Amino acid sequence: MEMSQKDKKSNARAKVQAFGGFLTNMVLPNIGAFIAWGIVTALFIPKGWIPNKEFNQLVSPTITYLLPLLLAYSGGRMVGGQRGAVLGTIGTIGLIIGSDIPMFMGAMIVGPLGGWIMKKTDKFLEDKIPAGFEMVINNFTIGIIGFVLMLFSFKIIGPTIQVANEFVTNAIEALVSTGFLPLLSLINEPAKVLFLNNVIDQGVYYPLGMQQTLQSGKSIYFMVASNPGPGLGLLLAYSFFGKRAAKRTAPGAIIIHFFGGIHELYFPYVLMKPITILGMIAGAMTGIATFQLFNVGLVAGPSPGSIFAYLALTPKGNFLGVIAGVTTAALVSFLVTSVILKADKSTDDDDDALTLATEKSKAMKKEGKDILNNTNDVQNKSYHKISFACDAGMGSSALGATTFRTKLKKAGIQDVEVKNYRIEEVPEDSDIIVVHQDLFDRTKQAHPNTRIVTLKNYLQDPVIDELANEVIEHKK
């Protein structure tokens, strides 16, 4: 009964992670457009760097029409291909015209909904269309369903989302007015290390932030979960007071986390010693409190969460407060984590990961039916396509794939394709999927018949070396 309950929790977490990944992949291709809008806002609004009444006319239409329609198009395309993208966009214009707020949340609902309706409709009509009538029926299908979805969005979905948005906005604004906004860190930080950060950012804070930016020219919501300061403090503490492998790898992780914006790099360090989450929470709360004290915000969501993105999206007059918030968050996180690491008298350290990884590899070979695509002998596997996967397919997986390709290249292996993907977009013909261990359940749900290899650390994990050696030995 206990294992069953544990499995249910793992499946639930994997589904939430998948949902967050879906939101991220709806937003990520359009980040450039959001940044372009943020730059226009920072420069040309009345409180901007170079106020310009003419160019300021671009701000409102862009956030009202362009950005939601881009989100809807991407979401519809992910679910229903090109036709789904068009249908989702048609439905979203009904939302936009029928509401008084930027419809980011609505676009992220109606876009995929349109894709799903189109997918189901095309499936139903498959093999039922007479020869020569394909174009007519396909076009009129989109037109008629789009007409209905547009009206439904205008009259029903839009007003419903607007009411829900007002409720959430009022609740968070009430939290802001009481001064308790830093308490959100109690939710944000544990959720982030469980790879649920995209659900929080793309699903809640970024839509609210865009709405507030339209009114005030900036928003603190963009910073409540994306501050790179706490992660920097944690990794600095490991650099000074960590044990062998953690101490060696933390400095490299700092560069990729703080400057590259890939926050997933610090997650394994928290998972290695879960009590260090206290340092993350304390640092994040301090950062938010500092942002509030200086009354600062960003003009758009910093994605990736790099210090460069933070500074690029900081509006005029906010640099001191933004830098102070990042710095104090890092300092508090460093101090709390340092105390925890120095007080830890255990003899265990993360070098034990090598032993654990070896044992896990042996267990994988013995339990092939559950983990390795119903094969008992790993050496019988082919090694033509190895896919590294993560939540969005562009952060830690890209780093892992590059590292692995380098190892194979040094060994003279040229005929193995190594690429990085979003979990749900890993090609079905992949021989092996490599993911972080906390994403195993989600990956298994998406690819139940593919061998999955799990990592604990993206920078230096013995599992990568073992897999590389396995491939090299097989290719000799």
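Student: Why is Asp 429 called partly exposed?
Tutor: Asp 429 has a relative accessible area of 48%. Buried means under 20%, exposed means over 50%, and partly exposed is what lies in between (1.4 Å probe, protein chains only). So 48% puts Asp 429 in the middle class. Keep in mind that this is a predicted model: local features need pLDDT of at least 70 and side-chain atom pairs pLDDT 80 or more, while totals for chains, interfaces and linings use all residues. Residues are numbered from 1 along each chain as its sequence is written, and side-chain values use heavy atoms, with hydrogens and water left out.

Student: What makes Lys 385 and Asp 429 a salt bridge?
Tutor: Their closest N and O atoms are 3.0 Å apart. The rule asks for a side-chain nitrogen of Lys or Arg within 4 Å of a carboxyl oxygen of Asp or Glu, so the pair qualifies. Lys 385 sits in strand S1 and Asp 429 in the loop between strand S2 (417–422) and S3, so the bridge ties together parts that are 44 residues apart in sequence. Helices (H or I, at least four residues) and strands (E, at least two) are DSSP runs, numbered from the N terminus.

Student: And Lys 385, buried or exposed?
Tutor: Buried, because its relative accessibility is 14%.

Student: How do you know that Arg 422 and Glu 425 form a salt bridge?
Tutor: The closest N and O atoms are 3.9 Å apart, so the pair makes it inside the cut-off. Arg 422 is buried at 6%, whereas Glu 425 is partly exposed at 43%. Both belong to a salt-bridge network that also takes in Glu 424 and Arg 442.

Student: Which parts of the chain does the Arg 83 bridge link?
Tutor: Arg 83 pairs with Asp 122, closest N and O atoms 2.9 Å apart. Arg 83 is in helix H3 (residues 59–97) and Asp 122 in helix H4 (residues 104–125), 39 residues apart. A search of the whole structure finds 9 salt bridges.

Student: What makes Tyr 383 and Glu 470 a polar contact?
Tutor: Their side chains meet at 2.5 Å. A polar contact is a pair of N or O atoms within 3.5 Å; within protein, one must be able to donate a hydrogen and the other to accept it, and residues adjacent in sequence count only if both atoms are side-chain atoms. Tyr 383 counts as buried, because its relative accessible area is 1%, and its place is in the loop between helix H15 (368–371) and strand S1 (385–390).

Student: How do you know that the length of helix H2 agrees with what it should span?
Tutor: The expected span is 1.5 Å times one less than the number of residues. For the 14 residues of H2 (residues 31–44) that should be 20 Å, and the end C-alpha atoms are 20 Å apart, so the two agree. Among the buried residues of H2 are Phe 34, Trp 37 and Phe 44.

Student: Why is Asn 295 called exposed?
Tutor: Because its relative accessible area is 55%. Asn 295 lies in the loop between helix H11 (277–294) and helix H12 (307–312), and has a positive phi of about 55° although it is not a glycine.
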